[in-house]
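Have the sequence and the 3D view open as you read.

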Amino acid sequence: MCPALEVLMQADGTPYSGKGVMLEPFVHQVGGHSCVLRFGEQTICKPLIPREHQFYKNLPTEMRKFTPQYKGVVSVSFEEDEEGNLCLIAYPLHSESVDTENKDPTADCQEPKSKMVKWSNKKQSLLLQENENYSKDRARNSRKEDKIMSYNRDEIQQQQAEVLFFNLEKGNTVPQIKHNPWSLKCHQQQLQRMKENAKHRNQYKFILLENLTWRYRVPCVLDLKMGTRQHGDDASEEKKANQIRKCQQSTSASIGVRLCGMQVYQSDSGQLMFMNKYHGRKLTLAGFKEALYQFFHNGRRLRHELLSPVLRRLREMQAALEACESYRFYSSSLLIIYDGDAAGGLSAGSSSRSSHGAGEASSPEVDVRMIDFAHTTCRHFGEDSVVHEGQDSGFIFGLQNLITIISQLEDHSTD
C-alpha cells in the first residue's frame, strides 16, 4: 500500500488501485512546450522545474486564486513492454526536495511492474482517426520503433498546420473531445525524450497541479503569452536574442500579449477549432483582435455573457499583480477557460467540488489563471543574481491591453 498516493487519489476522486497511477495525455493542452499529462479527473502533472516548483511552494496568498492549486510531486517511470506498449506510471515521493534526482519508485509501492496496467501507443491515433491511411499503416506495423514514432506524410502535414478543425465524437449527453494536435505533439516529444534517455535514467519528478478544465463539459481554452519580455535573467545570449526576436515580430512587443494556443467549440458545425503558437506569432494587432472574437464566438453568436466575468477576473488579477513587489513572470501564460456547452454549464455538482476555498472560487461561467512559472523570479529567490524592483510592468501592460480589447468586444456586442 502507498498511503501518500492513496490520499492523492482519494482527493482526486479516483479509486485507489494500489498499482501506481497510469498517466495519459491531457487533451486540453493548447500551448507550451512542456508535456502535460492527466493524473486524474481534477489533477494534471508536468515535468518538475525547480524554479516553478519553488514558486508554487511559496506562492503569495493574494496570488493563489489566480494560479492552479499545487498538489505535490510524484516520481514518474517510463517503460515499454515486450509488445512495444508505452507506460508512464506515477508514484508518490516521501520527500519534496527540489533536487532532480529520483529514487527507486518500487521502494514506495511494493507492486510488481508486470502487474501494472499498460496502455498502448495506439491510443494516440485518436487524433488522427479521420485519416484512413493512418489506421491502415498502423495495423500493418508492429515494430517497437514504429509504435512510438510513426508518421505518414498526411500526419506530418496535419501537425504542421497552424489552424485545424476536428469533428467531435458524439457522446450520450455531450460531445467528447478526443482530438488535440498540440497535446499529441508535446506528448510524443516527451515520450521520445524519455525513450532516448531510458538506458541512463528512468525516473523523473513531475509536479501535480489542479486541472483547470475538469469542471467544464466542453472546455474552450485560450493560452496567451503575457509580457513584453519572455527570456529569463539566466537565459543564454542565443536564447535571449531568439526570444527578443519573437517578441519584436509578434504582438508581444506592441501590446504585451500574444496568442500561444486556442481550442474553441463551434456548436453550429459540431467542430473544435485549434490555433497553435506559430499562427499566434504571425498575428497583427487586427488579427489578434479577430482571434479573440473567434474564441468567444460559438459559430452562431458571440458569447457576450462571458465577457463581463472575464473582465472582472482580469481586473482583479491586475490589482493583485500591482501589489506584487519584485516579481517578474517572464514567459508565463494566461489561460481563459469557459464551457463550450452553453446549455449544460458546469458539470453536475462541480461547484461544490471546487478545489478553492470559500471566497476564492472562480466565476461559474469562466476561469482565468496564470500558468507556467519556469522563468519567474522575485527577491525571495535567494540564489538569483538579479533582483528587480517594483511591479512586472510588461505583464501588467499586456493585461491592460487585453482588458481594453475585450471591453471593445463587450461594447460592440451590445450595439
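A residue counts as buried when its relative accessible area is under 20%, and as exposed when that area is over 50%. Keep in mind that this is a predicted model.

With that cut-off in hand, look at helix α2, residues 50–57: six of its eight residues are buried, so the helix is largely enclosed by the rest of the structure. The buried ones are Arg51, Glu52, His53, Gln54, Phe55 and Tyr56.

Now for the rings. The whole structure holds 13 aromatic pairs.

| Pair | Distance between ring centres | Angle between planes | Arrangement |
|---|---|---|---|
| Tyr56 and Tyr70 | 6.3 Å | 15° | stacked |
| Tyr56 and Phe373 | 5.5 Å | 85° | edge-to-face |

The stacked pair links distant parts of the chain: Tyr56 lies in helix α2 and Tyr70 in strand β5 (residues 70–80), 14 residues apart. Tyr56 has 5% relative accessibility, so it counts as buried, while Tyr70 is partly exposed at 22%.

Which residues form one aromatic cluster? They are Phe55, Tyr56, Tyr70, Tyr327, Phe329, Phe373 and Phe395.

One more ring is worth a look: the charged end of Arg229 sits over the ring of Tyr330, 4.0 Å from its centre.

Definitions and conventions
Residues are numbered from 1 along each chain as its sequence is written. This is a predicted model: local features need pLDDT of at least 70, side-chain atom pairs count only at pLDDT 80 or more; totals for chains, interfaces and linings use all residues. Side-chain values use heavy atoms; hydrogens and water are left out. Buried means under 20% relative accessible area, exposed over 50%, partly exposed in between (1.4 Å probe, protein chains only). Helices (H or I, at least four residues) and strands (E, at least two) are DSSP runs, numbered from the N terminus. Rings of Phe, Tyr and Trp (its six-membered ring) pair if their centres lie within 6.5 Å; planes under 30 degrees apart count as stacked, over 60 as edge-to-face and the rest as tilted. A charge sits over a ring if NZ of Lys or CZ of Arg is within 6 Å of the ring centre and within 35 degrees of the ring normal.
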